[in-house]
Amino acid sequence: MDEQLLKILKKVYYKKKYIKDEKGHQTTVETGDLYDCKTGTTMYSTDNLSSKELLCLTQCGYPFNKITQGSHDETIHKLKEIIKHPNLSLDNLLSAYIAGFGSFPRGRQPILSYLFARAVPVHTFCNSHEGVVCEVCSLQKEFWLEKGKELFRNYWGYSWNERIAAFYLDLEEFSQLNPVAPTKDDLHIFYTVIDFIRNAPKDETVGKLEQRIKKSNIIPHCEKYRLRGQLITLAELGVMPNPFIPPLFDKFTDFMTQCDIGRKIPGSSRSDVVLPLAGWHGENGTGQRYLYGKCLSGQSLFLSDIFLANE
Ligand SMILES: [Zn+2]
């Protein structure tokens, strides 16, 4: 995505919603965005764009303010189909993830979407306790998304393991992009972060680790929740291991079981860190899955090679 479009999208999707008055009190700003309670989506106002920016946005073909509807059963089916796409090989996805540490923030989400799509069993919507979401995978029976906002989040460098409704959009768009290889700088950043995790003090929490990484200024534009997403991926790959729940790379855990496990993890009620990352602690380091010594010798070794070497 070109820089100019990214800037315009940031202006429409991340409008300032509050300002501080002279007494320091926050007041809400009228943005012109319209929220629809029925679908849980927003139509975004373009009032804050210049006429030149508006022209660029309308002429570039970006799916701005495009609401799409999805259903649980169809989405599970589509996820199973799309992971057969040749651009969605594990190597491509891991390369893009590592490039996500520097040159290519868009590369962060697809590996998470893929791991879910690969691990989730084929099933129909199940809510025997009459909840709103599926008891197997936590997806709603029907849902709506504003396509442009979802893709913008990915380009902006956000990634998350619980936003399942948006996984298909992510994989569909990513599969149309040319495969990306990490640069030398990306690899350096990635290895440095792995080093931070591997040498974590035994009693370090996820929050403390995040602060340490952020303070080092090693990741460009590092911000709390963008970094959180990057670490969630390491946890789902099993590179940041935990004793409570298997990573998605190894095994699917149904949503009800996840909730039960979540309640048993010490301190989880006060924390906004999600599983499986929430189960990591400094003494867990990077576990068996990452053979750091091989990287120090200068080989550009990817996680997939390391996994194969360990199996
Ligand atoms: Zn389900």
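Reply: Let's start at F252, which sits in the loop between α10 and α11; helices here are DSSP runs of H or I with at least four residues, strands are E runs of at least two, and both are numbered from the N terminus. Bear in mind that this is a predicted model: local features need pLDDT of at least 70 and side-chain atom pairs count only at pLDDT 80 or more, while totals for chains, interfaces and linings use all residues. Residue numbers run from 1 along each chain as its sequence is written.

F252 counts as partly exposed because it has 15 C-beta neighbours inside 10 Å. The scale is this: 20 or more other C-beta atoms within 10 Å makes a residue buried, 12 or fewer makes it exposed, and partly exposed is in between, with C-beta atoms placed from the backbone. What does F252 touch, leaving aside its neighbours within four places in sequence? It is in contact with A119, V120 and P121, where contact means that the C-beta atoms, again placed from the backbone, lie within 7 Å. F252 and A117 are also 135 residues apart in sequence, yet their C-alpha atoms are 9.9 Å apart in space.

With neighbours within four places in sequence set aside, F116 is in contact with I164, F167 and L248. F116 is also one of the residues that touch the most other members of the largest nonpolar core, alongside F167, L171, M240 and L277. That core has 52 residues; a nonpolar core is a set of buried Ala, Val, Leu, Ile, Met, Phe, Trp, Tyr and Cys residues joined through C-beta atoms within 7 Å.

α8 is worth a stop. Its 15 residues (184-198) should span 21 Å at 1.5 Å a residue, and the end C-alpha atoms are 21 Å apart, so the two agree; the expected span is 1.5 Å times one less than the number of residues. D186, I189, F190, V193 and I197 are buried in α8. Down the helix axis these buried residues fall within an arc of 95°, so they line one face, the arc being that of the directions from the axis to the C-beta atoms. The cover over them includes α4 (90-99) and α9 (206-216).

Phi of E130 is near 60°, positive although the residue is not a glycine, and E130 is exposed, with 5 other C-beta atoms within 10 Å. P276, in the loop between α11 (255-264) and α12 (292-296), is joined to L275 by a cis peptide bond with omega of about -5°.

Finally, zooming out: the chain has 13 helices and six strands. Its radius of gyration is 20 Å, close to the 19 Å of the globule rule for 311 residues, so the chain is as compact as a globular protein of that length; the radius is taken over C-alpha atoms, and the rule is 2.2 Å times the number of residues to the power 0.38. Of the 311 residues, 32% count as buried.

Note on methods. Two residues are in contact if their C-beta atoms, placed from the backbone, lie within 7 Å.
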